[in-house]
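Here is a short briefing to read alongside the structure. Keep the 3D view open and look up each residue as you go.

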Amino acid sequence: MRDTRYLSGLTPLRGIAAWWVVIFHYEATFGLLLPPRSSMLLRNGYLMVDLFFMLSGFVMQHSYGAQFREGLQRQALLRFAQARFARIYPLHLATLLVLVVWQAAQWLRSPELAFQGDFLPAGIPGNLLLVQALGVYSRLTWNYPAWSISAEWYVYGVFPVLAWGFARLPLRWRLLLAGAAVLAGYVLLAGQHPEGVLDLSYRLGFWRALAGFGAGMLIYAGYAAGLGAGWLRRDWSLGAAAGSLLVLLHLDVPDAAVMPGFAWLVWSAAANEGRLGRWLGGRGWQWLGDLSYSVYMWQYPWALALMGLGLLEFASPDLAAGTADGSWPGLLGFAGGLLLLSQLSYRYLELPLRNWLKPKGLKRD
């Protein structure tokens, strides 16, 4: 049977991670908000994608792991695929179509400036098929953030097999072997980047997603077994996990060293039974998490729209200078518009299409 309990403590983490990625991209495009010499807290925002992957692995194992424990039944596989397609594809398609229409409008005005660079027509089929994180292209194309949706889609494809194999192992071996595999994966991934970081997308995006997803499944095994429940359910554990992560990101420690902090955060947020958990279960935090996918997917089209209207100007940050040259009021204006757009998208596009396409009787996940 599928476990239908909703883990409300994890939903706000999605919202926080989505907005952290937005701020990271804003800094990379419109100017630094914090001098890198004083703090790398915002510049390490790309790691929030790894938190997304970890959350996804945890939630998928919680929601669907039991279905595949005894075998890979055709009906269960089809329902799982239908549910994941309904969750991610409609909004991905909508944002891609908006960018294609935007480029077509550009072509009508200035043919020589449209469908160039990252917006080549040759990139459209790959984005439609969600293969842009599989090394098909030599750069990010069209809606840049959608690379992680591509990576996660193909991890969904292997998840039933992982869940089935995971259930065959005793808990002790499950934790040891899976933990070693995840850590080795992060070390190998970091070794593929000249700076030793996990900021990998179009070439190794699938493997980055698989590492995070596997970590989430591993954390869930410990959570389901009740390991450390006596202290993980307490507020101090969740608070310490969040605080330590802020310190690690601020100090710019190696990316692989941040992953245990993410694991602690996810585990504590799921297990918490204190005031923090009840606070995070409030309507405002849940709303922030519900909008996270729309926020994440609309951030790039929204930035292009504002640049096209002359309301924002591209300004590649000078990291060597180490000075903050971005605008906090500009960020607030950008974020306010994106929040409104995301609310409209969630209410009138994402949620209706998801409910229409998902299997009957499926609750939220």
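In this predicted model, ring pairs join Tyr64, Phe68, Phe80, Phe85, Tyr89, Trp153, Tyr156, Phe159 and Phe213 into a cluster. The count of aromatic pairs comes to 27.

- Phe68 and Phe80 make an edge-to-face aromatic pair, with 5.7 Å from centre to centre and 85° between the planes.
- This pair links distant parts of the chain: Phe68 is in the loop between α2 (48-64) and α3 (74-109), while Phe80 is in helix α3, 12 residues apart.
- Phe68 and Phe80 are both buried.
- Phe159 and Phe213 also form an edge-to-face aromatic pair, at 5.6 Å centre to centre and with 75° between the planes.
- Here, too, distant parts of the chain are linked: Phe159 belongs to helix α5 (residues 147-167) and Phe213 to helix α7 (residues 205-224), 54 residues apart.
- Phe159 is buried, and Phe213 is buried as well.

**A charge over a ring**

- Look at Tyr156 again: the charged end of Arg84 sits over its ring, 5.0 Å from the ring centre.

**Out on the surface**

- Leu169, Trp173, Leu176 and Leu177 make a nonpolar surface patch of about 400 Å².
- One of these residues, Leu176, lies in helix α6 (residues 171-191).
- Leu176 counts as exposed because its relative accessibility is 52%, and the cut-off for exposed is over 50%.

**How confident is the prediction?**

- The protein has a mean pLDDT of 87, and 94% of its residues reach 70 or more.
- Among its elements, α6 has the lowest mean pLDDT (80), and helix α9 (residues 235-251) has the highest (94).

Conventions. Residues are numbered from 1 along each chain as its sequence is written. This is a predicted model: local features need pLDDT of at least 70, side-chain atom pairs count only at pLDDT 80 or more; totals for chains, interfaces and linings use all residues. Side-chain values use heavy atoms; hydrogens and water are left out. Patches are made of residues with over 30% relative accessible area and no salt bridge: like charges are joined within 9 Å, nonpolar side chains (Val, Leu, Ile, Met, Phe, Trp, Tyr) within 5 Å. Accessible areas come from the Shrake-Rupley method with a 1.4 Å probe; for residues, only the protein chains shown count as cover. A salt bridge is a side-chain nitrogen of Lys or Arg within 4 Å of a carboxyl oxygen of Asp or Glu. Helices (H or I, at least four residues) and strands (E, at least two) are DSSP runs, numbered from the N terminus. Buried means under 20% relative accessible area, exposed over 50%, partly exposed in between (1.4 Å probe, protein chains only). pLDDT is the predictor's confidence in each residue, from 0 to 100. Rings of Phe, Tyr and Trp (its six-membered ring) pair if their centres lie within 6.5 Å; planes under 30 degrees apart count as stacked, over 60 as edge-to-face and the rest as tilted. A charge sits over a ring if NZ of Lys or CZ of Arg is within 6 Å of the ring centre and within 35 degrees of the ring normal.
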